[in-house]
Amino acid sequence: MSKIKYLFISRCLSEFAGAILPVVFPLFILKTTHSLSLSGLFFTIAMLPSVLITPAMGVWIEKYVKKKVAFFSVLILSILCSIETLLLKFGHYDFIYLVCFAILVAIFSMMLDLSSKVLFTELVDESELEKYNGIKSILDNLSVFGAPMLGTLVYGVFGFSSVILILAILYVLAAVVIVFIPLASKNGGNDQIVEESFVQKFRLGLHFIRTEKAILKYFLLIMALNFFVASSEEVTNPGIVI
């Protein structure tokens with residue numbers, strides 16, 4: 001299925017880029033400020049907004065075509081990284097700029113991840129969901145494990161600006177690949193979902209989780225595993241939720 005291949009390639013590129021920054025950025029802040037406390041504070045400030053708006057963002061993304069959301073997100077990420085590369089080249093290491101850059105990257109990375117996951121379930125037939133979900137998880141994990149090693153190597157040899165430049169290139173390539181993903185969805189008839197307001201869909205989601213005890217237990221399990229074991233929900237099978 002060529003459409004799945006394009007999505008896999010795009011996710012590999014974006015996941016690889018997204019996994020580099022959380023490792024290299026604190027190292028750069030630590031080197032710049034010589035303070036481990038500031039490095040930890042920077043990472044917390046950068047990640048907190050994306051964590052807080054994730055539930056609302058998931059509802060918002062449902063209103064739009066997932067391919068367009070993914071393309072928009074990865075395009076913005078490439079622009080942000082390109083701008084930051086230029087700023088670093090000219091010696092602009094202002095802490096406020098870096099915080100704003102990190103916050104925006106975290107938010108749009110979250111948007112890209114959510115939209116591409118939903119797009120994945122729309123492109124894959126239910127009978128093949130388990131098989132392709134396994135492949136997706138393997139590719140995602142390879143990207144997540146390989147990116148920090150390459151990122152720290154590039155950072156140590158060429159510097160932080162070179163790392164950001166690589167991220168910009170990866171996001172541009174991911175945007176190009178997304179263009180080839182067809183808009184056709186296996187889930188037709190989403191008119192009713194689109195017509196529902198944000199508040200209605202958010203309430204329906206909360207009601208569903210409260211009333212469906214199996215789903216509630218599943219989400220509690222995911223949260224516990226993410227908190228104590230890993231920083232990604234890939235520790236369990238996302239296809240179970242679908």
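Val-172 is found in helix α6, where helices are DSSP runs of H or I with at least four residues, numbered from the N terminus. The structure is a predicted model, in which local features need pLDDT of at least 70 and side-chain atom pairs count only at pLDDT 80 or more, while totals for chains, interfaces and linings use all residues. Residues are numbered from 1 along each chain as its sequence is written, and side-chain values use heavy atoms, with hydrogens and water left out.

Val-172 is partly exposed, at a relative accessible area of 40% (partly exposed lies between buried, under 20%, and exposed, over 50%, with a 1.4 Å probe and protein chains only). Together with Tyr-6, Ile-9, Val-176, Val-179 and Phe-180, Val-172 forms a nonpolar surface patch of about 510 Å² accessible area. Patch residues have over 30% relative accessible area and no salt bridge, with nonpolar side chains joined within 5 Å and like charges within 9 Å; a salt bridge places a side-chain nitrogen of Lys or Arg within 4 Å of a carboxyl oxygen of Asp or Glu. Accessible areas derive from the Shrake-Rupley method with a 1.4 Å probe. Helices α1 (2-33) and α6 (160-179) each give two or more residues to the patch, and the largest share, three residues, comes from α6.

Helix α1 also gives the most to the lining of the largest cavity, with four residues. This lining comprises Leu-7, Ser-10, Arg-11, Ser-14, Ala-70, Leu-112, Ser-116 and Ile-178 (a cavity is a set of points on a 1 Å grid over the protein atoms alone where a 1.4 Å probe fits but cannot get out, and lining residues have an atom within 4 Å of a point).

How values were computed: 1 Å grid on protein atoms, 1.4 Å probe; cavity = no way out; pocket = protein on both sides within 12 Å on 5 of 7 lines; lining within 4 Å.
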